[in-house]
Amino acid sequence: MSQQRRGVNKWLVMLLVFVVVLGIGATAYGVLKENNPMALYAIAEKNTIEEQLERMQQYNKHTATLQERMLEEAHTSEATLAMNADMEGEQLNQTLPQAAMVQGILSTIKLKVDSQVDPSTNEMSGKLDVQLQGTSLAEASLYQNKETTAAQIPFLHNDYFAIHNNELGDFLKRIDAEEPTVTEIPNFVESNKAAFTSGQLEDIVIDYVKAVRKHFSEDQFSLEKSASYEGDTFDKVTISISEEKTQAIVKTVLEKLKEDERIWNVVDKQMQLQQLNPTEERETIQAELDKAISNVDQLSLPEGITIEAYIKDEIVVHEIWSMDLQLENSPLYHVKWDSSYKKEGKDSYDSSMDMTATADDSKEEYSLSYHENGKPNKDGLHVDYTIGVDVQKEDEDFQGTLVLNTDYTETSANTQFDVKVKGTTIDPESVPSISGFFNSETTQKKADSYMQKLDLGFDIGMDDPNIGVTNAHVEFHVDQQHIFTNDLSFPDTNGESTIQVMEKSEDEWNQITEEMQRNFQQYIQNMMGGLNGFSSLGL
């Protein structure tokens, strides 16, 4: 749960920055007039954000449409997952004699998944078929509605096993004396909706902006015409936010977040999907929010926050946020966030963000960098991304870099990536080199029919003194067809062919278990005989 809470805290920081910018903008529009620095900054920020968002909306455009429709409309899906693996090394066969067999199995196995989903009733069914060289090894089916979850594994038992979703806790207590932490099976369709639509996000942002903008006034803004920066001239807007106003903004956002049921409803669903207790987790997070609210005056920013925005042609070309920040029981940090956006042509641009936090005693420095460079190509847009993390401490350091090179077209996004890490506490021989690709394509065949291809590959290399140089290449390929239709057919799990789990006695369960054990033994014998002990793989 600690990772979950850390994620919430990071989200809060990003939300605060976003709301501050929009809060300034919303206030500025209320006093819009010529040469008003507040309005000038608001218009430029709005234009900068919209220009970058609108540029990307023309690429891989079917993917977002498909995802939104799948959350709202009844549909069927057919998917096939295939894998491919190739491993080689100086001493691989001696160290891992089963490597060849594993490669053979992974390269010839396929998973086929057929599903039906009706978001209006939160009802779904799915069937999984595991195939090896075209031969079905195992099948399993799942059905769920608002009240019940049922599963069938034919090679163990022909009947469905069903349980009411709210009976999971009773079932777990029946097989284990300990009090279960999870008492209900989450509804998978409902859980997939555990995200905000664009309309909901817009409503939430507007509400938070209205709450925050009361902390801004025109006297916090100043304008310098023809200011010089990096050899060019700009309209420079400087914004000063005092320590008291910053604390008030943080408190306002935290208090509103604590009571915002729209956000908590989504968080609860996500917690449930991760098999966590939503009530307990909500109480834990809200207790931390209460602590943060009560301690907000301990957020020390002696000089407040200073924002310098360099504007040309109603675009924010450079923006610098600086502050001295001190949290409870921590040293004073000098924090600087430096971003730039340079448009070099219709679809040619360069965008970057660098954030550093340096301890006052200079013994620690943390840096996060992001760089994006886009240029048109014959089929669409090519973008190079570089994301870096750098930690410098008195007795150790760490550097990590993720490089992404992506080609966008109207229907696809193809990315190659490379990961590099190093540091004083990292043994180079124990850290593999990792690179690969991720390609996606979504095409609309008819008004209610989509095809989707996903390809993911990894190249992993190690130079281990025990086994020498070892390289592995692994690929995953997913082909999917989605059809939007109301003509769905779900299994009947209320009849005689369904075993109601909680209605069976101990003796009845013993009989069912014995039957399943016999069926499993027979299944293994039949499978091994049919495959002739995997001889068909040539291993």
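In the predicted model, a network of salt bridges links E51, R55, K343, K346 and D347. The total number of salt bridges comes to 22.

Several individual pairs were examined together with the accessibility of their residues. One of them joins D170 to K173, with the closest N and O atoms 4.0 Å apart. D170 and K173 both lie in helix 6 (residues 168–175), where a spacing of 3 residues separates them by about one helical turn. D170 is partly exposed because its relative accessibility is 41%, and K173 is likewise assigned as partly exposed at a relative accessible area of 38%.

A further salt bridge is formed between the side chains of D207 and R262, at an N to O distance of 2.8 Å. This pair connects distant parts of the chain, since D207 belongs to helix 8 (residues 198–212) and R262 to helix 10 (residues 261–273), with 55 residues of separation. D207 has a relative accessible area of 27% and is therefore partly exposed; R262, at 32%, is partly exposed as well. The side chain of R262 also meets that of D260 in a salt bridge of 3.0 Å, N to O. D260 has a relative accessible area of 6%, so this residue counts as buried.

Among the strands, strand 3 (residues 123–132) is largely enclosed by the rest of the structure, because 8 of its 10 residues are buried. Strand 3 pairs with strand 2 (residues 109–118) in the antiparallel sense over 10 bridges, and D118 stands opposite E123 of strand 3 in this arrangement. Strand 2 and strand 3 form a hairpin with 4 residues between them, and N122 in the turn has a positive phi of about 55°. Strand 3 is also paired with strand 4 (residues 135–144), again in the antiparallel sense, over 9 bridges. Here S125 has Y143 of strand 4 as its bridge partner. The hairpin of strand 3 and strand 4 has 2 residues between the strands, and Q133 adopts a positive phi near 50°. In a regular strand, side chains alternate between the two faces of the sheet.

A hairpin is formed by strand 15 and strand 16, with 3 residues between them. Strand 16 pairs in turn with strand 17 (residues 433–446), in the antiparallel sense and over 8 bridges. In this pairing, S440 of strand 17 is the bridge partner of A413.

Charged residues also contribute to the surface. D360, D361, E394, D395 and E396 form a negative surface patch. Within this group, D395 is located in the loop between strand 14 (381–392) and strand 15 (397–408). D395 counts as exposed because its relative accessibility is 65%.

Methods
Residues numbered from 1 in each chain as written. Predicted model: local features only at pLDDT ≥ 70, side-chain atom pairs only at ≥ 80, totals over all residues. Heavy atoms only, no water. Patch = residues over 30% accessible without salt bridge, like charges linked within 9 Å, V, L, I, M, F, W, Y side chains within 5 Å. Areas by Shrake-Rupley, 256 points an atom, 1.4 Å probe, with all protein chains shown as cover. Lys, Arg positive; Asp, Glu negative; His and termini not counted. Charge placed at Lys NZ, Arg CZ, Asp CG, Glu CD. Buried < 20%, exposed > 50% of the residue type's maximum accessible area, 1.4 Å probe, protein only. Pairing = 2+ DSSP bridges.
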